[in-house]
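Keep the viewer open as you read.

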Amino acid sequence: MLIGESVLLRPRVRDDVAVLYRLAASDPVLHQRTAIGPWVPRSLEHDLARYDAELAEPPDPLNVKFTVEARVAAGRVAHGDVVGEASVWGVNPHQRSGHVGLSLVAEARGLGLGTDIVRVLCDYGFRVRGLHRLSCETLASNGAMLHAAESAGFVREGQLRASWWTDDGWDDDILLGLLRDEWSPPVGPPSP
Ligand SMILES: CC(C)(COP(=O)(O)OP(=O)(O)OC[C@H]1O[C@@H](n2cnc3c(N)ncnc32)[C@H](O)[C@@H]1OP(=O)(O)O)[C@@H](O)C(=O)NCCC(=O)NCCS
């Protein structure tokens, strides 16, 4: 598992599926803003069946998924709650590059967890996996994600105009990147 100041990133277990279903499957507006494909209804049973099927396969090192647990109590979030998911995805072992992604349940947003998760994903990508470059893509209207990525050192590299269809019409996709040489590793181990 990976430990940040306020979050813990660990493998997904079956009990997480119902919590993450709220994020990934049952919210069409959020889906439209975070996933490239269209939202179509699917059941929790579908996600549980997919989880069970994936257990038969070895974990994919090119698309690494984590469950995020809170290490702090704040607002409606208790210490140990499953609060979201995070990933280092699209790893290209030849170019030594990958992408970071994350999503939190509504009650866990705005508490600083997202910024910490980005830092932990960078530590995984650069230190554990030896990657040279990480990318992050998000909407121009996603102020919290832009701020979280920029706080971790990502810089804006491009803007794809009117490239993303949302509930609110077309939005721009902002491309951010961080190179290993620009990254500031965490100082010392996080407090227990
Ligand atoms: C995007 C997301 C992961 C960010 O995580 P978070 O925990 O809510 O963000 P944080 O609390 O760490 O806030 C990040 C920073 O953005 C700032 N911020 C929040 N909303 C903002 C806004 N609308 N505009 C500008 N800055 C904003 C915060 O003040 C904070 O700044 P600070 O670090 O100086 O205090 C989270 O809100 C989320 O899961 N949203 C829904 C899913 C999603 O959009 N995922 C990303 C897909 S690319």
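Which helix gives the most to the shell around the ligand? That would be H5, with six residues. Before going further, two bits of housekeeping. Residues are numbered from 1 along each chain as its sequence is written. This is a predicted model, so local features need pLDDT of at least 70 and side-chain atom pairs count only at pLDDT 80 or more, while totals for chains, interfaces and linings use all residues. Helices (H or I, at least four residues) and strands (E, at least two) are DSSP runs, numbered from the N terminus.

Back to the ligand. It is surrounded by 21 residues, and the closest are Leu104, Arg109, Gly114, Gly143 and His147. A residue makes it into that shell if its C-beta atom, placed from the backbone, lies within 6 Å of the molecule. Helix H2 (28-34), strand S5 (97-104), helix H4 (113-128) and helix H5 (143-151) each put in at least two residues. Sorted by class, the shell holds eight nonpolar, 11 polar and two charged residues. For that sorting, Ala, Val, Leu, Ile, Met, Phe, Trp, Tyr, Cys and Pro count as nonpolar, Asp, Glu, Lys and Arg as charged, and the others, Gly among them, as polar.

Now look at H5 itself. Its buried residues are Met145, Ala148 and Ala149. Seen down the helix axis, they fall within an arc of 95 degrees, so they line one face of H5; the arc is that of the directions from the helix axis to the C-beta atoms. "Buried" here means that 20 or more other C-beta atoms lie within 10 Å of a residue's own, "exposed" means 12 or fewer, and "partly exposed" is in between, with C-beta atoms placed from the backbone. The face of H5 turned away from the buried side carries the exposed residues Gly143 and His147, and both of these are listed among the closest to the ligand. On the buried side, H5 packs against H4, strand S6 (133-139) and strand S8 (169-179). Just after H5, Gly153 has a positive phi of about 110 degrees.

H4 is next. It is mostly covered, with 13 of its 16 residues buried. From first C-alpha to last it reaches 21 Å, close to the 22 Å expected at 1.5 Å a residue; the expected span is 1.5 Å times one less than the number of residues.

The number of buried residues among its 12 is zero, so H3 lies largely in the open. Its end C-alpha atoms are 17 Å apart, which agrees with the 16 Å that 12 residues should span.

A few single residues deserve a click. Thr67 lies in strand S3 (residues 64-70) and counts as buried because it has 21 C-beta neighbours inside 10 Å. Leaving aside neighbours within four places in sequence, Thr67 is in contact (C-beta atoms, placed from the backbone, within 7 Å) with Arg10, Pro11, Arg12, Asp16, Val82 and Glu85. The C-alpha atoms of Thr67 and Val13 are 8.2 Å apart, though 54 residues separate the two along the chain.

Thr34, in helix H2, is partly exposed, with 19 other C-beta atoms within 10 Å. Its C-alpha atom is 24 Å from that of Asp52, 18 residues away along the chain.

Where do residues other than glycine take a positive phi? Arg96 is one, with phi near 50 degrees; it sits in the loop between strand S4 (82-92) and S5. Ala162 has a positive phi of about 45 degrees without being a glycine, and lies in strand S7 (residues 155-166). Ala162 is exposed, with 10 other C-beta atoms within 10 Å, whereas Arg96, with 15 C-beta neighbours, counts as partly exposed.

Finally, zoom out. The chain has five helices and eight strands, in the order β-β-α-α-α-β-β-β-α-β-α-β-β. Its radius of gyration is 16 Å, close to the 16 Å that the globule rule gives for 192 residues, so the chain is as compact as a globular protein of that length. That radius is taken over C-alpha atoms, and the rule is 2.2 Å times the number of residues to the power 0.38. Of the 192 residues, 28% count as buried.

Methods
Contact = placed C-beta atoms within 7 Å.
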